[in-house]
Amino acid sequence: KTNVMFLKTHKTASSTVLNIMFRFAERYNLTVALPADQLVHLGYPNTFLAHFVEEFQAIGQNYNIMCNHLRFNPSEVQKVMAANTFYFSILRNPIPLLESSYIYYKDTVPAFRISRDVNEYLASPMKYYHPADYKQNIYARNIMWFDFGYDNNAEDNRKYIQAVLEEIEQNFHLILIAEYFDESMILLKHTLCWDLDDVVYFKLNSRSQDTVQTLTPESEEQIKAWCSLDWNLYLHFNQSFWRRIEETVGLEELEKEVSRLRTRQKELMETCLLDQEAVGKDHIKNKALLPFQSGDANILGYNLKQGLDNRTLRTCQKMVMPELQYTSYLYAVQHP
């Protein structure tokens, strides 16, 4: 399948998925729906409109891949993407997700900025979270719910949640789970009839462990209540994810394929990477490969080995290329 829409959710390993999508697009010479005016996202946090895509007027419904950040709006996405497009997204457990958002958006989100640390924020979120600032505060509550196009301040009402979950199931063919990233890639590969090299990856946009704040047990419980819409979303699709694995791959085959994926990843790391692993921002030698830094996070990147032949170098560069640089590069290729 080559017509694919990935809803890129925030702080869910989605930058790694974006890199996979971009490399796939290049490998098969596909057209990517890139943000108009060289922006990095498709109008986010505004609800998506077709004209947020570069040259939509000229290209019409002939895009193959859409994967930059947007706030989902099915009728407008359908104007851009072909009728047979495959839709998928990824979710992450809201407990580590909220802590990650807190660190990453510490400077930009009012609710985070005025609280001392994540546990203080969660002890009484309403003290810091003012619904009037909802546009700036979207990362502070039910961010995944918001990305899917719904009201992240909606009341937790059984019937409402059920209706939304059903709607998401109708709009998306597959929902992956960040905690099971390798398993997710194998499921994606099977569902799309791709091959192993289409889903092999290096982890992108992750941060150094020393910027992770430890949540108290009280905070963890509080997140389930404070982000109850996201919590329901995650529980529901975590269950359906494992059902899909059993129907599509089977647990035995899954184990074999995950191990094949990890072997291939290790091979590529040995070929490409100087340090065999991600390094902190201050240790990235080639500044062109430095990922965007945000908040109190130290976003890791990679150093490539010297003396690689041209073809290997190109492969390796693409695998470690951060989101902003890759988006700009594709922009230059598609819209010279």
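# Exercises on helix packing, pockets and a cavity

The lining residues of the largest pocket fall into 25 nonpolar, 15 polar and nine charged. The structure is a predicted model, and the exercises below work through it.

## Exercise 1. The largest pocket

Find the volume of the largest pocket, then state which residues lie nearest its centre and which element gives the largest share of its lining.

Step 1. The volume of the largest pocket is about 1300 Å³.

Step 2. Its lining takes in 49 residues, and those nearest the centre are Lys11, Thr12, Ser15, Tyr104 and Asn205.

Step 3. At least two lining residues come from each of α1, α4 (94–104) and α16. Helix α4 provides the largest share, four residues.

## Exercise 2. The second largest pocket

Describe the second largest pocket by volume, by the residues closest to its centre and by the class of its lining residues.

Step 1. This pocket has a volume of about 530 Å³.

Step 2. It is lined by 19 residues; Arg23, Arg27, Asp197, Thr315 and Lys318 are the closest to the centre.

Step 3. Two or more lining residues come from each of α1, α11 (196–199), α14 (251–272) and α15 (310–320). The largest share, six residues, belongs to α15.

Step 4. By class, the lining of the second largest pocket holds six nonpolar, three polar and 10 charged residues.

## Exercise 3. Packing of α1 and α16

Decide whether α1 is roughly parallel or roughly antiparallel to α16, and list the residues that meet.

Step 1. Two packed helices are described by the angle between their axes and the distance between those axes.

Step 2. For α1 (residues 14–27) and α16 (residues 323–334), the angle is about 25° and the axes are 10 Å apart. Angles under 35 degrees count as roughly parallel, so α1 is roughly parallel to α16.

Step 3. The crossing of α1 past α16 is left-handed.

Step 4. On the α1 side the contact residues are Ser15, Leu18, Asn19, Phe22, Arg23 and Glu26; on the α16 side they are Glu323, Tyr326, Thr327, Tyr329 and Leu330. This contact has five nonpolar, three polar and three charged residues.

Step 5. Compare with the pockets. Ser15 of the α1 contact is also among the residues nearest the centre of the largest pocket. Arg23 of the α1 contact is also among those closest to the centre of the second largest pocket.

## Exercise 4. The cavity

How many cavities of 30 Å³ or more does a search of the whole structure find, and which residues line the largest cavity?

Step 1. The search finds one cavity of 30 Å³ or more. The volume of the largest cavity is about 50 Å³.

Step 2. Its lining consists of Pro94, Leu97, Leu98, Ser101, Tyr139, Ala140, Arg141, Asn142, Ile143, Cys227 and Asp230.

Step 3. Sorted by class, these are seven nonpolar, two polar and two charged residues. Helix α4 gives the largest share of the cavity lining, four residues; α4 also gives the largest share of the lining of the largest pocket.

## Exercise 5. The loop between α1 and α2

Locate proline 45 and aspartate 37, and describe the backbone at each residue.

Step 1. Proline 45 sits in the loop between α1 and α2 (56–59). A cis peptide bond links tyrosine 44 to proline 45, with omega about 5°.

Step 2. Aspartate 37 is in the loop between α1 and α2. Its phi is near 60°, a positive value in a residue other than glycine.

Definitions and conventions. Residues are numbered from 1 along each chain as its sequence is written. This is a predicted model: local features need pLDDT of at least 70, side-chain atom pairs count only at pLDDT 80 or more; totals for chains, interfaces and linings use all residues. Side-chain values use heavy atoms; hydrogens and water are left out. Axes are lines fitted to C-alpha atoms, for helices over the stretch in contact, and angles run from 0 to 180 degrees between N-to-C directions. Angles under 35 degrees count as roughly parallel, over 145 as roughly antiparallel, 65 to 115 as roughly perpendicular and the rest as oblique. A crossing is left-handed if the near helix is turned anticlockwise from the far one by less than a right angle, and right-handed if clockwise. Contact means heavy atoms within 4.5 Å. Ala, Val, Leu, Ile, Met, Phe, Trp, Tyr, Cys and Pro count as nonpolar, Asp, Glu, Lys and Arg as charged, and the others, Gly among them, as polar. On a 1 Å grid over the protein atoms alone, a cavity is a set of points where a 1.4 Å probe fits but cannot get out, and a pocket is an open set with protein on both sides within 12 Å along at least five of seven lines; lining residues have an atom within 4 Å of a point. Grid points are joined across faces, edges and corners, and a volume is the space filled by probe spheres set on the points.
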